[in-house]
Amino acid sequence: MKQLAIAFSGPSNSGKTTTILKVLNKFISQGLKCVVIKHDPGDKARFDVAGKDSFKFSETGADVVVLSPTRTTYFSKTKSELDDVISMLGEFDLLIVEGLKTLPLPRISVFKDGINEEYLPFSNAIASYETHKDYGLPHINLDDIDAICEWIIKNAKVVK
């Protein structure tokens, strides 16, 4: 498979993470290598534990890489562009970006409690439970993970 990228958007508590987890489980069960980039607009995410060496190193302002037998973790103190991150990822089949609605990627906006029309200008498809209004975009039922995955394969952008 080509290295494809797709994005998901939607307001907080709209079902994005739940939907992405279901999509990941489906694609990974098919043998695809998937990667996720999550946007943290409030700069609140914490990935290390206070008191640990890697945390102490990171607190100095240094970029830190932790290598272990089963994973590599990279903590950077600089903002990276999507292309920079993609070049670091190595081989993958599917990259899913959560958020970053201005990136030029095909995008599904997720809404479990009604459509927030502010997201529509950035959307290429909608996944929701609402079916009574036509927004001029493909609409997929939020519970139909197979249809969401089919849309992804047909519409994802080749990035590498």
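Q: Which side chain does E81 meet in a salt bridge?
A: In this predicted model, the side chain of E81 meets that of K79, at 3.0 Å from N to O.

Q: Are those two buried or exposed?
A: E81 is partly exposed, at 48% relative accessibility. K79 is exposed, with a relative accessible area of 70%.

Q: How many salt bridges does the structure hold?
A: Four. Among them is the one between E98 and K38, with 3.3 Å from N to O.

Q: Where do E98 and K38 lie?
A: E98 is in strand β5, residues 94–98, and K38 is in strand β2, residues 34–38. The pair therefore ties together parts that are 60 residues apart in sequence.

Q: And is E98 buried or exposed?
A: Buried, because its relative accessible area is 7% and the cut-off for buried is under 20%. K38 is exposed, at 54%.

Q: What about E117, which residue does its side chain meet in a salt bridge?
A: K133, at 3.2 Å from N to O. E117 lies in the loop between β6 and β7 and K133 in the loop between β7 and β8, so this pair ties together parts 16 residues apart in sequence. E117 counts as partly exposed at 43% relative accessibility, and K133 likewise counts as partly exposed at 44%.

Q: Switching topic: where is S109 found?
A: In strand β6, which covers residues 107–111. S109 counts as buried, at 0% relative accessibility.

Q: What does S109 touch, leaving out residues up to four places away in sequence?
A: S9, Y119, S123, A125, I126 and A127.

Terms used
Residues are numbered from 1 along each chain as its sequence is written. This is a predicted model: local features need pLDDT of at least 70, side-chain atom pairs count only at pLDDT 80 or more; totals for chains, interfaces and linings use all residues. Side-chain values use heavy atoms; hydrogens and water are left out. Helices (H or I, at least four residues) and strands (E, at least two) are DSSP runs, numbered from the N terminus. Buried means under 20% relative accessible area, exposed over 50%, partly exposed in between (1.4 Å probe, protein chains only). Contact means heavy atoms within 4.5 Å.
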